[in-house]
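Subject: Structure handover

Hello,

Here is the structure I promised you. Please open it first, then read my notes below.

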Amino acid sequence: MANTFFEKPLFVKTSHYIQELASLEEVFDFLDEWPIDKRGDTYEVLSKACRLAAQGVFPLPAIRENVRRFLLKERVLANIEEVPLFAGRMNDRNLGS
């Protein structure tokens, strides 16, 4: 596979954390973990489109949009404002003080 990173990541709400989907590989992992009893036609179409994208047949921006729609339909799409950004705050702390 060539470059498989999305221009902007998507975020998934789970019961305990927020998961980032920033690449096609992460989408494959996410789909593999999707509960079998929740897999339907939409899931199957998305899986097939992802496989085509991995072969270079389906455009990556379209995959991102389809994943976004899938997450929205399943009510697990996290709003970026809900995701805490700690990178800047953690650099000025140390364990000793």
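**What I found**

Arg69 is exposed, because its relative accessible area is 52%. The cut-offs are these: buried means under 20% relative accessible area, exposed over 50%, and partly exposed in between (1.4 Å probe, protein chains only).

Some ground rules before the rest. This is a predicted model: local features need pLDDT of at least 70, side-chain atom pairs count only at pLDDT 80 or more, and totals for chains, interfaces and linings use all residues. Residues are numbered from 1 along each chain as its sequence is written, and side-chain values use heavy atoms, with hydrogens and water left out.

**Salt bridges**

How many salt bridges does the structure hold? There are three. A salt bridge here is a side-chain nitrogen of Lys or Arg within 4 Å of a carboxyl oxygen of Asp or Glu.

Arg69 forms one of them with Glu65, and their closest N and O atoms are 2.9 Å apart. Arg69 and Glu65 are separated by about one helical turn because they are four residues apart in helix H3. Glu65 also meets Arg68 in a salt bridge (2.7 Å, N to O). Arg68 and Glu65 are three residues apart in helix H3, again about one turn of the helix.

Arg68 has a relative accessible area of 25%, so Arg68 is partly exposed. Glu65 is partly exposed too, with a relative accessible area of 25%.

Another salt bridge joins the side chains of Lys73 and Glu74 (3.6 Å, N to O). Lys73 counts as exposed because its relative accessible area is 53%.

**Overall layout**

The protein chain has four helices and two strands. From the N terminus on, the order is β-β-α-α-α-α. Helices (H or I, at least four residues) and strands (E, at least two) are DSSP runs, numbered from the N terminus. Buried residues make up 30% of the 97 residues in the protein chain.

Strand E1 (residues 5-13) and strand E2 (residues 18-23) run antiparallel, joined by five bridges. Two strands pair if DSSP finds at least two bridges between them. A hairpin of four residues connects E1 to E2. Look at Lys13: its bridge partner in E2 is Ile18. Phe11 stands opposite Glu20 in E2.

Is Ile63 buried or exposed? Ile63 is buried, because its relative accessible area is 0%. Ile63 lies in helix H3. Ile63 and Cys50 are 13 residues apart in sequence, and 6.6 Å apart in space, C-alpha to C-alpha.

Next, Arg75. Arg75 sits in the loop between helix H3 (60-73) and helix H4 (87-90). Arg75 has a positive phi of about 60°, although it is not a glycine. Most residues other than glycine have a negative phi. Arg75 counts as exposed because its relative accessibility is 74%.

Last, Glu33. Glu33 lies in helix H1 (residues 24-33). Glu33 counts as exposed because its relative accessibility is 58%.

Best wishes
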